[in-house]
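Hi there,

Here is the structure I promised to pass on. Have a look, and below it you will find my notes on what turned up.

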Amino acid sequence: MLVFKKIAIFGVGLIGGSFALALKKAGAAERIVGVGRHLTTLQRARELGIIDQIANGVADAAADADLILIAAPVAQTGAILASIAPHLQAGTIVTDAGSTKSDVALAARAALGGKISQFVPGHPIAGREQNGPEAALAELYVGKKVVLAPLPENSAADVARVAAAWQQCGALIHQLSAQQHDAVFAAVSHLPHVLAYALVDDIANKPHAASLFQYAASGFRDFTRIAGSSPEMWRDISLANQSALLGELDAYMMQLGRMRALLAAGDGPALEAIYSNAQQARHNWISAIEAAEQQNKEGGD
């Protein structure tokens with residue numbers, strides 16, 4: 001088992017905190033140092049046993065670190081990398097947990113220059129609607145996918161080390177290019193968040209919002225769960241993946257337009273055909289997930 005002597009984490013909330021707790025549980029990290037914008041958050045993370053130490057600045061965090069994880073909103077990645085760059089030692093690998101990759105790769109090249117080979121972009125596909133250190137879970141990544149989007153300059157050994165860290169959290173490693181990643185997640189992650197936020201905001205702004213929320217039940221709760229996520233984080237993700245997300249929004253609006261026309265025409269069979277196709281596609285997707293989980297369970301037994 002690969003054991004990291006020192007890991008520095010920028011952002012010790014749900015994503016960074018869960019990474020730390022998972023590695024501690026696996027015995028894969030000797031010391032974890034936290035960095036963040038708010039001292040109270042770092043102090044709380046230390047109280048909860050997420051980190052062992054609060055870094056005394058970026059230089060202190062980077063010194064002798066085996067691995068640095070940036071688990072902050074994607075809009076902050078460039079500035080964080082620029083602050084790390086002067087202190088980045090040979091042998092230290094930097095990775096991130098951002099939900100977009102093309103913009104992160106560009107920011108990394110601008111910030112790190114000749115040290116770009118030390119940055120391996122990544123994205124854990126896991127989360128909860130809660131935020132902050134209190135939301136962190138050691139089991140958050142168990143059986144979940146982590147997508148790595150290696151750069152041409154990355155060595156296979158460095159990519160493997162980042163993969164090993166996530167694997168010790170229980171994650172399953174996948175690789176995509178930055179462009180492939182952003183196109184995929186615009187459709188299956190970023191668009192759903194936009195839709196959930198839009199629906200809740202629309203209802204909240206109606207004059208009879210209190211009555212509507214009073215009668216909202218499990219269907220509304222399930223559909224809008226992700227609207228409880230960090231607004232700052234999702235603002236940054238939406239803008240960072242603007243082009244791909246606009247394309248998905250346009251396609252979705254066309255689909256809504258078609259369905260509105262069918263509804264206005266009273267075309268029940270056509271509506272049912274859409275509903276049936278969606279139902280079957282979702283059943284197939286859930287079945288594939290369950291089969292993969294069973295296979296992973298059997299492989300680990």
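Helices α7 (residues 178–204) and α10 (residues 231–240) are oblique to each other, because their axes cross at roughly 125 degrees and oblique is what remains once angles under 35 degrees count as roughly parallel, over 145 as roughly antiparallel and 65 to 115 as roughly perpendicular. The two axes come within 11 Å. Axes here are lines fitted to C-alpha atoms, for helices over the stretch in contact, with angles from 0 to 180 degrees between N-to-C directions. Helices (H or I, at least four residues) and strands (E, at least two) are DSSP runs, numbered from the N terminus.

Which residues of α7 and α10 meet? From α7 come Ser 189, His 190, His 193, Val 194 and Tyr 197, and from α10 Pro 231, Trp 234, Ile 237 and Ser 238; contact means heavy atoms within 4.5 Å.

There is also an open sheet of three strands in the order β7-β8-β9, with mixed pairing (two strands pair if DSSP finds at least two bridges between them). Its edge strands are β7 (122–124) and β9 (172–175). Strand β8 (residues 145–148) pairs with β9 in the parallel sense over four bridges, and Leu 148 has Gln 175 in β9 as its bridge partner. Helix α6 (residues 156–167) lies across β7, β8 and β9, at about 165 degrees to β8.

Please note that this is a predicted model: local features need pLDDT of at least 70, side-chain atom pairs count only at pLDDT 80 or more, and totals for chains, interfaces and linings use all residues. Residues are numbered from 1 along each chain as its sequence is written, and side-chain values use heavy atoms, leaving out hydrogens and water.

Best wishes
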